[in-house]
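Hi everyone, thanks for making time for this. Please have the sequence and the model open side by side, and let's walk through them together.

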Amino acid sequence: YQKPLKAVTAVTLGAGNRGNVYGNYALEFPGELDIVGVAEPIAIRNDRYTQKHNIPAENRFKTWEDVFKRPKFADAVIITTPDNLHYGPCMAALKAGYDVLLEKPIA
């Protein structure tokens, strides 16, 4: 294992259980992963995730669609939306040039 030269920056799409699993990894290994944005429609989840990761206001979004209204601002997108909402954000992220972390189902 070779430690990366800089942390991968990522936007989390979905701040529920799985989003927090990856978010907690970022907190434990800040030299490897830095969460710089979040999309989450449930306000209390969005607030908690934002505070936990010190996400600036301009990188907070209610829906995953809102993330892609801006130019690319991170290395990757972590898709932790509900399973039936994986395809749309994945295709948008790839089109925008993001690397993608996506659990199954992919389509």
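This is a predicted model: local features need pLDDT of at least 70, side-chain atom pairs count only at pLDDT 80 or more; totals for chains, interfaces and linings use all residues.

Let's start in the sheet, where β4 and β5 pair in the parallel sense over 4 bridges. A word on terms: helices (H or I, at least four residues) and strands (E, at least two) are DSSP runs, numbered from the N terminus, and two strands pair if DSSP finds at least two bridges between them.

Residues are numbered from 1 along each chain as its sequence is written, and side-chain values use heavy atoms, with hydrogens and water left out.

Now the whole sheet. In what order do the 5 strands of the open sheet run? The order is β3-β2-β1-β4-β5, with parallel pairing. At the edges sit β3 (60-61) and β5, each pairing on one side only. Helix α2 packs on this sheet and touches β1, β2 and β3, its direction making about 155 degrees with that of β2. Helix α4 (residues 87-96) packs on the sheet as well, touching β1, β4 and β5, and here the angle with the direction of β5 is about 160 degrees. For those angles, axes are lines fitted to C-alpha atoms, for helices over the stretch in contact, and the angles run from 0 to 180 degrees between N-to-C directions.

Move over to β1 and β2, which pair in the parallel sense over 6 bridges. One of these bridges joins Val8 to its partner Leu33 in β2. Is β2 mostly covered or mostly open? Mostly covered: 6 of its 7 residues are buried. Buried here means under 20% relative accessible area, exposed means over 50%, and partly exposed is in between (1.4 Å probe, protein chains only).

Next, helix α1. Its 12 residues, 17-28, reach 17 Å from the first C-alpha to the last, close to the 16 Å expected at 1.5 Å a residue; that expectation is 1.5 Å times one less than the number of residues. Which residues of α1 are buried? They are Gly19, Tyr22, Gly23 and Ala26. Seen down the axis of α1, these buried residues fall within an arc of 100 degrees, so they line one face of the helix. The arc is taken from the directions from the helix axis to the C-beta atoms. On the other side of α1 you will find Asn17 and Glu28 exposed. As for what the buried residues pack against, the list is β1 (8-13), β2 (33-39), α2 (43-53), β4 (76-79) and β5 (99-102). Contact, by the way, means heavy atoms within 4.5 Å.

Buried in α2 are Asn46, Tyr49, Thr50 and His53. They cover an arc of only 100 degrees around the axis, which puts them on the same side of α2. Turned away from that buried side is the face with the exposed residues Arg48 and Gln51. The buried residues of α2 pack against β1, α1, β2 and β3.

On to the aromatic rings. Rings of Phe, Tyr and Trp (its six-membered ring) pair if their centres lie within 6.5 Å; planes under 30 degrees apart count as stacked, over 60 as edge-to-face and the rest as tilted. By this rule the count comes to 4 aromatic pairs. Tyr25 and Phe29 have ring centres 4.7 Å apart and planes at 35 degrees, so this pair is tilted. Phe68 and Tyr98 form an edge-to-face pair, 5.9 Å centre to centre with 75 degrees between the planes. Phe68 lies in the loop between α3 (64-67) and β4, and Tyr98 in the loop between α4 and β5, so the pair ties together parts that are 30 residues apart in sequence. Both Phe68 and Tyr98 are buried, and together with Trp64 they form one aromatic cluster.

Let me finish with Thr81, in the loop between β4 and α4. At 7% relative accessibility, Thr81 counts as buried. Leaving aside neighbours within four places in sequence, Thr81 is in contact with Leu13, Arg18, Trp64, His86 and Pro89.
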